[in-house]
Amino acid sequence: MSDDMFNKLAQAVIDGEEEDAVRLAKQALDQNLDPLACITNGLTKGIQQVGELFGSGEYYLPELIISAEVMKSAMEILEPAMASDQEIEVVARVVIGTVEGDLHEIGKTLVSTMLSAHGFKVTDIGVDKSTEEFISAIKENDATIVGASALLTTTMLQQEKLIKSIKEAGLGDKVKVMVGGAPVSKKYAEQIGADGFAEDAISAVDLAFQLADAPV
């Protein structure tokens with residue numbers, strides 16, 4: 001019965017059916033199924049398949065966004081029911097945000113959701129965040145990876161400023177910085193001293209695993 005529920009949860013994520021996912025999550029709890037197993041063997045498997053479909057060109061950005069939101073809604077049902085001694089195994093702790101002067105959120109939020117789905121502990125600090133706010137969040141959450149998004153050519157310079165500030169704060173050896181956003185390129189990322197560049201949410205997950213030196 002549990003395998004059947006896991007498969008249904010995964011399929012709801014793949015199909016982008018939020019109502020089904022929430023209903024199934026509640027059913028799983030009614031059936032006393034392990035919420036952590038439902039997340040790991042159901043929702044996560046589903047979002048990983050969505051990522052593969054996106055990578056192969058069968059799914060596009062709208063489907064990716066919808067599936068991520070579906071998973072998030074089901075997680076909100078299952079996570080509070082987890083036993084106090086249960087924790088999703090954390091690959092690495094990540095702080096992510098959009099840099100100062102930039103109010104764009106969709107791409108950053110999608111990366112945050114996808115990283116969470118793959119076992120990263122993500123603190124999303126939001127949009128229009130200063131270097132000081134990034135560094136404060138890094139320290140508070142003991143983060144080893146930072147994701148800095150910029151969607152405007154005028155705010156790209158804030159990514160470079162953040163990298164310099166992280167080094168000045170003595171965190172350069174501990175924290176890896178990944179950057180992204182429409183005007184950002186791999187060449188630019190290398191120029192400003194970033195540890196990696198991701199052009200979409202799927203490649204951001206792959207990059208985060210590389211920076212965390214963890215198996216995908």
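**Entry 1: S149**

I started at S149, which touches G97, T98, V99, K108, Q159 and G180, leaving aside residues up to four places away in sequence. Contact here means heavy atoms within 4.5 Å. I found S149 in strand β3. Strands are DSSP runs of E with at least two residues, helices are runs of H or I with at least four, and both are numbered from the N terminus. S149 is buried at 11% relative accessibility. On this scale, buried is under 20% relative accessible area, exposed is over 50%, and partly exposed is in between, with a 1.4 Å probe and protein chains only.

A note on the source before I go on. I am looking at a predicted model, where local features need pLDDT of at least 70 and side-chain atom pairs count only at pLDDT 80 or more, while totals for chains, interfaces and linings use all residues. Residues are numbered from 1 along each chain as its sequence is written, and side-chain values use heavy atoms, with hydrogens and water left out.

**Entry 2: K108 and its partners**

K108 turned up among the contacts of S149, so I looked it up next, knowing that K108 counts as buried at 2% relative accessibility. Which residue does the side chain of K108 meet in a salt bridge at 3.0 Å, N to O? My answer is D124. The pair ties together parts that are 16 residues apart in sequence, because K108 lies in helix α5 (residues 106–117) and D124 in strand β2 (residues 121–129). A salt bridge needs a side-chain nitrogen of Lys or Arg within 4 Å of a carboxyl oxygen of Asp or Glu.

I then checked K129, which forms a salt bridge with E133, with the closest N and O atoms 3.9 Å apart. K129 is partly exposed at 21%, and E133 is partly exposed at 36%. Back at K108, salt bridges that share partners join E105, K108 and D124 into one network.

How many salt bridges does the structure hold? I noted 7. One of them joins the side chains of D4 and K8, at 3.4 Å from N to O. Both residues lie in helix α1, 4 residues apart, or about one turn of the helix. D4 is partly exposed, with a relative accessible area of 42%, and K8 is partly exposed with 42%.

**Entry 3: the negative patch**

On the surface I found a patch of negative charge, where D15, E17, E18, E19, E69, E76 and E79 gather. Patch residues have over 30% relative accessible area and no salt bridge, with like charges joined within 9 Å and nonpolar side chains (Val, Leu, Ile, Met, Phe, Trp, Tyr) within 5 Å. Asp and Glu count as negative, Lys and Arg as positive, and His and the chain ends are not counted. Helices α2 (18–30) and α4 (61–78) each supply at least two residues of this patch. D15 sits in helix α1 (residues 2–15) and is partly exposed at 44%.

**Entry 4: V70**

I stayed with helix α4 and picked V70. Is V70 buried or exposed? V70 counts as buried, at 2% relative accessibility. Its contacts, not counting residues up to four places away in sequence, are A12, V13, G16, E17, E18 and A21. I also checked V70 against A198: the two are 128 residues apart along the chain, and their C-alpha atoms are separated by 23 Å.

**Entry 5: two loop residues**

A143 is in the loop between α6 (131–141) and β3, and it is buried with a relative accessible area of 0%. A143 touches R93, V94, V95, I138, K174 and V175, again not counting residues up to four places away in sequence. A143 and V175 are 32 residues apart along the chain, with 7.0 Å between their C-alpha atoms.

A182 is in the loop between β4 (176–180) and α8 (186–191). I read A182 as exposed, at 66% relative accessible area. Leaving out residues up to four places away in sequence, A182 touches A150 and L151. L151 is 31 residues from A182 in sequence and 5.3 Å away in space, C-alpha to C-alpha.

**Entry 6: helix α9**

Last, I looked at helix α9 (residues 201–211), where 8 of the 11 residues are buried, so the helix is largely enclosed by the rest of the structure. Among the buried ones I listed I202, V205, L207 and F209. The buried residues of α9 pack against α3 (35–55), α4, α5, β3 (145–149), β4 and β5 (196–197).

Note on methods:
Areas by Shrake-Rupley, 256 points an atom, 1.4 Å probe, with all protein chains shown as cover. Charge placed at Lys NZ, Arg CZ, Asp CG, Glu CD.
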